[in-house]
Amino acid sequence: MKSALFIFVILIIFTGCEAHEPGYINASVPLPEILKESGADAGKISILIDKSEHKLSVHSDTIILKEYPVVFGGNPKDDKLMQGDQCTPEGSFKILSKYPHKSWSKFIWIGYPSDDSWRKHNLAKSENKIPKDAKIGGEIGIHGVPDGMDYLIDMKYNWTLGCVSMKNRDVDEIYPYINKTTVIEIRK
């Protein structure tokens, strides 16, 4: 059975087929089932967030196990350079913490600002792209939506101040598999 699901995952990757949500690999298959059937080590998954595609994908090594739709800050195109710019940061981040959240199900707090974030922030100041007194900001994470507002994700409405937002059922699904060793990569 493991090899059958592995072949199914590979076929989806190469054909782009998806029965439930077009464009999202394994959208209708629960992540625990995918992990069980594929034999992937749940403790060693990584997350890739593609801003241009509005996708969060769960990886095991180079294999995409599952993809989810996501939205971003009010300015989804640019990299975060300062607090208040409504941009979602780009780069590689570690997990600082995770916890239930009263407003949007769960919060997975990523390690922004990273050393690279600080480098980009300081360079932007030196090049007068942002004010000299601009603060870098923080508390960026992956979280759900207010109850009953999944349509924000369906409409690709970028409503956060810089966080990555997904449907509550989706953040609930990935939450148990995220730990301090999980690498989060956010790309333009």
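Tutor: A residue counts as buried when its relative accessible area is under 20%, as exposed when that area is over 50%, and as partly exposed in between. The model before us is predicted, and buried residues make up 50% of the 188 residues in its chain.

Student: How many helices and strands does the chain contain, and in what order do the elements run?

Tutor: The chain has five helices and nine strands. Read from the N terminus, the order is α-α-β-β-β-β-β-β-α-β-α-β-α-β. Of the contacts with a separation of 6 or more, 61% join residues 24 or more positions apart.

Student: How many bridges join strand 2 and strand 3?

Tutor: Six bridges join strand 2 to strand 3 (residues 63–69), again in the antiparallel sense. Within this pair, serine 60 stands opposite isoleucine 63, and histidine 59 faces isoleucine 64. The hairpin has two residues between its strands, and aspartate 61 takes a positive phi near 55° in it.

Student: Why is strand 2 described as largely enclosed?

Tutor: Strand 2 (residues 55–60) is largely enclosed by the rest of the structure because six of its six residues are buried. Both of its faces are covered: Lys55, Ser57 and His59 are buried on one side, and Leu56, Val58 and Ser60 on the other. Strand 3 is mostly covered as well, with seven of its seven residues buried.

Student: How is a nonpolar core to be understood, and which residues have the most contacts inside the largest one?

Tutor: In soluble globular proteins, nonpolar side chains tend to be buried together. The largest nonpolar core of this model has 32 residues, and those with the most contacts inside it are Ile49, Leu56, Val58, Ile142 and Ile184. Among the elements that give two or more residues to this core are helix 2 (31–38), strand 1, strand 2, strand 3 and helix 5 (168–174).

Student: What is the order of the strands in the open sheet, and which are its edge strands?

Tutor: The open sheet has four strands in the order 5-6-7-8, with mixed pairing. Its edge strands are strand 5 (95–101) and strand 8 (164–165), each of which pairs on one side only. Strand 5 and strand 6 pair in the antiparallel sense over six bridges, and serine 97 stands opposite tryptophan 109 in strand 6.

Student: Is asparagine 26 buried or exposed, and what is its phi?

Tutor: The cut-off for a buried residue is under 20%. Asparagine 26 has a relative accessible area of 0%, and therefore it is buried. Although asparagine 26 is not a glycine, it has a positive phi of about 55°. This residue is placed in the loop between helix 1 (2–15) and helix 2.

Student: Where does lysine 156 lie?

Tutor: Lysine 156 lies in the loop between helix 4 (151–154) and strand 8. Its phi is also positive, at about 55°, although lysine 156 is not a glycine. With 40% relative accessibility, lysine 156 counts as partly exposed.

Student: Which peptide bond is cis?

Tutor: The bond from tyrosine 112 to proline 113 is cis, with omega near 5°. Proline 113 belongs to the loop between strand 6 and helix 3.

Student: Which residues does lysine 120 touch?

Tutor: Lysine 120 touches Asp79, Leu81 and Glu90, not counting residues up to four places away in sequence. Its place is in helix 3 (residues 115–126). Lysine 120 is buried, because its relative accessible area is 16%. Its C-alpha atom is separated by 9.6 Å from that of methionine 82, a residue 38 residues apart from it along the chain.

How values were computed. Residues are numbered from 1 along each chain as its sequence is written. This is a predicted model: local features need pLDDT of at least 70, side-chain atom pairs count only at pLDDT 80 or more; totals for chains, interfaces and linings use all residues. Side-chain values use heavy atoms; hydrogens and water are left out. Buried means under 20% relative accessible area, exposed over 50%, partly exposed in between (1.4 Å probe, protein chains only). Contact means heavy atoms within 4.5 Å. Two strands pair if DSSP finds at least two bridges between them. A nonpolar core is a set of buried Ala, Val, Leu, Ile, Met, Phe, Trp, Tyr and Cys residues joined through side-chain atoms within 4.5 Å.
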